[in-house]
Amino acid sequence: MEYVRLGNSGLKITEITFGTALTVGTESIMQEYAENMVDTAWDLGIRSFDTSNNYGKAEGLLGRALKKYPREQYVLTTKGSWPIGDSPYHKGLSRKHILWAFENSLNELGMNYVDLYYAHRYDPEVSMEEIVRTFNYLIESGKVRYWATSEWPQSALEECWTVCEKLNLEKPITEQFIYSYALIKAEENGVKKFCDKYGLGSLGFSPLCQGYLTGKYRNNIPTDSRIAKSGILHYDKTKNFYEQNKKRIDFFLDTCDRYQAAYTAVALQWCLRRKIYPVLGASKPEQLKENIQALSYKIPEALWEELEEFRTED
Ligand SMILES: NC(=O)c1ccc[n+]([C@@H]2O[C@H](COP(=O)([O-])OP(=O)(O)OC[C@H]3O[C@@H](n4cnc5c(N)ncnc54)[C@H](OP(=O)(O)O)[C@@H]3O)[C@@H](O)[C@H]2O)c1
C-alpha cells in the first residue's frame, strides 16, 4: 500500500482510505464486526480511516476498534455540519454548532485528537471568516491536526482561499468529493481543477459507485447487497445511482468484459491514475481483500484509452 501526500500539506495517507458509512455503525452496531473490518483493513496496509458524526454509531465503534493500534501510525478523520437533529443548532458551519459537534465526535471516538476534521458541506448562511476562524481555532486547540472540506462548490473554495490568505490562516488541505468512473462531476464542475491548481488534495468517495462498478447489480439485486438491505440501512438512494449514471456504468462493465479485466481493479485504479484517492466502503472483509488485491492487477493501456474516450452523450 502506497503512502501519498495530501496536496501541498505535510500529511501523508495511504492511497486507500477505509470509510464507515452505512456499514460499521449502521449495518451492524456489533463491536466485533467493526473490529473485524478494521483489523482486515489494517492487515491490508490501510492506515487512513474515515467516519462522520452522521454515520450511525460509527465513530464510537471505529474509535474502539482502533484503540489497539499505535495512535501515531494512522490517520483518523471525521466530519461535522451534516444535520443530526431537528434543531437549527444541530447542523451547519456556525461556530456554535461546529465546536459542539466536534467535542461530541471526539468523545464518541474516545480520542484526544483527530488528524483531519471536515466541514462536511458548505453552509452559505455562515460567513467564510467565521468558518475559517472556527476550524483554525480547532487546530490551535491541538485537537485537530488539519482541516478539510467535502462537496464544496468551486466558488466557496475560492472564497475560502481568499479569506485564509487575507487572514493568514490555515487553509483546508483536501476536498472530498463524490467520484468514480460512473460519476465524474468533480472533473466537470471545476473542483478537481481547483484542487490541482492550488495544491489541495483530492479524495473521492464512493469509488465503486456504491457497488455498481463491481458488477454486482448487473443481472439482479443480490440478497446481501446495499439495495436489498435498504430497509435495514434506512437508505434507499443506491438504486437511483444506476438511473442517473447508467450509460457510464454499462459502458464501464462492457469494456472491462471485453478486456477480461477485473471490475474493481479498473474502478479503483481509474481514480488513482488521476490522483483522486478513494475513500472506499466494504460491508465484508472479503470485499476489502478483493479490492486491495485488485490494486496490483495490470490493466491494458487500450482499456484506459477506451474509458477516457467515452462521452456520456455518445
Ligand atoms: N464526504 C461525504 O459526503 C461522503 C458521502 C458518502 C460516503 N463517504 C465516504 O466514502 C465511503 C465509501 O462510500 P460508499 O460505501 O458509499 O461507496 P463505495 O465505496 O463505492 O461502495 C461500497 C459498497 O460497495 C459494495 N462493495 C464493495 N466492495 C465490493 C466487492 N468487492 N464486491 C461486491 N460489492 C462490493 C459494498 O456494499 P454491499 O455489500 O452492502 O452491497 C460496499 O459497502 C463511506 O464509507 C464514507 O466514509 C463520504
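## Barrel, ligand and a salt bridge

Strand β3 (residues 17-19) pairs with strand β10 (residues 277-280) in the parallel sense, over two bridges. Two strands count as paired if DSSP finds at least two bridges between them. Strands (E, at least two residues) and helices (H or I, at least four) are DSSP runs, numbered from the N terminus. In this pair, T17 stands opposite V279 in β10.

This is a predicted model, in which local features need pLDDT of at least 70, side-chain atom pairs count only at pLDDT 80 or more, and totals for chains, interfaces and linings use all residues. Residues are numbered from 1 along each chain as its sequence is written, and side-chain values use heavy atoms, leaving out hydrogens and water.

The pair belongs to a closed barrel of eight strands. The order is β3-β4-β5-β6-β7-β8-β9-β10, with parallel pairing. Neighbouring strands are turned by 30° against each other on average, direction ignored.

The table lists polar contacts, meaning pairs of N or O atoms within 3.5 Å.

| Side chain (N or O atom) | Distance to a ligand oxygen atom |
|---|---|
| D50 | 2.6 Å |
| K216 | 2.7 Å |
| R226 | 2.7 Å |

The protein covers 94% of the 910 Å² of accessible area that the ligand has on its own. Such areas come from the Shrake-Rupley method with a 1.4 Å probe.

The structure also holds 17 salt bridges. Each is a side-chain nitrogen of Lys or Arg within 4 Å of a carboxyl oxygen of Asp or Glu. One joins K143 and E103, with the closest N and O atoms 2.9 Å apart. K143 lies in the loop between α4 (128-140) and β7, and E103 in helix α3, so the pair ties together parts 40 residues apart in sequence.

Notes
Axes fitted to C-alpha atoms, helices over the stretch in contact; angles between N-to-C directions. Polar contact = N/O pair within 3.5 Å; in protein donor to acceptor, adjacent residues only side chain to side chain.
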